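Let's walk through this one together, starting with the fold of one chain and ending with how the chains meet. Keep the viewer open as you read.

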Amino acid sequence: MPSENSVEPRPDDRDVRVARLRDAELDHGRRRRRWRLVLIGLGVAVVALLALAAVASGPASTGRKTGDASQADPAKANVAGETVYRDLKSDHVTADVSYPADPNPPVGGPHDPVWQNADGVVYDVPLRTEHAVHSLEHGAVWLTYRPGLSAADVARLGAKVTGIPYRMMSPRPGQPAPIIVTAWGHQLRLTSATDARLDEFLRAYTQGPQAPEPGGPVTGGRATP
Amino acid sequence: MTVPAAGLRKVAYGLVLLLVATGAYLLGVRPAPPPADDSVAVGFARDMAAHHQQAVDMSLTVLGRDPSPEVATLAYDIAGSQAVQQGMLLGWLAAWGRSPSGDRPPMAWMGMPPPNVTDLGRGIRMPGMADRAELAGLRRSSGREADIRFLRLMIRHHLGGIHMAEAALAGPLPVEERRLAVSIMSAQQAEVTTMSALLADRTGAPGTR
């Protein structure tokens, strides 16, 4: 303690000063200890809250995020390169419908009262569009290919459809891409049967939230093309 | 005199900041609590599930009464859709820890008065539902008469359902339930149009009754 040597010659004064310094020192120590306690408390609180945050954010964010394929947002494109269409009509008509030239196949619109069965059926001839569109309304995904696709590719595509409810496949002459997947209001054109986006699209929209009539049957309708 | 503690103090301020940030994050991501027992979300799920149940029953009934192909297709469509939608509604109730039926009278969430004694005596608890005599009439009829009875009952049933969906959409609903309420409203509206045309074909008279 340098202050002891440097100051005050008078002995009584000196005692008082020393006592005062000692008090200050004690006080200082107490304050230090108090701060340490505060720090430990805060530290514990932060760790506890962080742990809680980790637990809370886990399940909450997986179920709610729209990017998750199982929770596709029907108002948006959920797969890279797909086109979204809105304000589609859905009235029942028994006459032939003249669908617009684009998109082809249509992604919605007026349709026949009878839907095309789409419980994982692979058709080898073209479908009547008016029936197929009704299946889209019920939440089906329709995989179409332009005739001329290799037998191996047709088989590869068929394997993604066969036996999976709310999927169907058929050839479609004159469509603008070799392979097209269509759901109500959503369409993706592909040139390769191995494009990974095909699986993304099938996953996002098979019985997906884009269906205007969720739960509508894809059995008990038209069984043949 | 507290100079030596200044370093610690900075650490403490840092911790406080972290604490506030974590708290704010927690408030943001915390999963929403399940809807209350007397909420619109729970009331609509319960009542619409029960309402759908009768539509499924009437559709399956008419399928066994030799209906026309048009009515058979429509009935198959309604039975399939509404059975699945009923499952969605009941599934949400289960996930929320709410029972499929509650203590409150039906339609209380819509601010509607509880069903009166006469209606309850006829087996009616909600707008548009068919009473026991009407259901028995459908079960006894066949062919063209079954078509007509079914169409009249289902048009009225759908109008009641649309009314309920509209009321639900005015309240706070989880996003999935809101989506279903919207599709119930538009799909049933479209089916009312279809059914009115089918009914007019069979009775020679336009209109819904």
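**A walk through the model**

Chain A has five helices and six strands; helices here are DSSP runs of H or I with at least four residues, strands are runs of E with at least two, and both are numbered from the N terminus. Read from the N terminus, the order is α-α-β-β-α-β-α-β-β-β-α.

Before going further, a word on ground rules. This is a predicted model, where local features need pLDDT of at least 70, side-chain atom pairs count only at pLDDT 80 or more, and totals for chains, interfaces and linings use all residues. Residues are numbered from 1 along each chain as its sequence is written, while chains are lettered from A and ligands numbered from 1 in the order in which they are written.

How confident is the predictor? Chain A averages a pLDDT of 86, with 86% of its residues scoring at least 70; pLDDT is the per-residue confidence, from 0 to 100. Over residues 58-70 of chain A, though, the pLDDT is below 50, and this stretch has twelve contacts in the model beyond near neighbours in sequence. A contact means two C-beta atoms, placed from the backbone, within 7 Å.

Now for the sheet. The six strands of chain A make an open, mixed sheet in the order β1-β6-β5-β3-β4-β2, where two strands pair if DSSP finds at least two bridges between them. β1 (83-84) and β2 (119-122) of chain A sit at the edges with a single partner strand each, so one side of each has no neighbour in the sheet. Strands β3 (residues 141-145) and β4 (residues 167-171) of chain A run parallel, joined by five bridges, and A:Leu143 stands opposite A:Met169 in β4(A).

Helices cover this sheet too. Helix α3 (residues 129-137) of chain A touches β3, β4 and β5 (179-183) of chain A, at about 140 degrees to β3(A). Helix α4 (residues 151-159) of chain A lies across β2, β3, β4 and β5 of chain A, at about 175 degrees to β3(A). Angles run from 0 to 180 degrees between N-to-C directions, and axes are lines fitted to C-alpha atoms, for helices over the stretch in contact.

Over in chain B, helices α2 (residues 40-63) and α6 (residues 143-169) pack at about 170 degrees, axes 11 Å apart. α2(B) and α6(B) are therefore roughly antiparallel, the label for angles over 145 degrees.

Finally, the two chains meet: 34 residues of chain A are in contact with 36 residues of chain B.

Methods. pLDDT = per-residue confidence, 0-100. Parallel < 35°, antiparallel > 145°, perpendicular 65-115°, else oblique.
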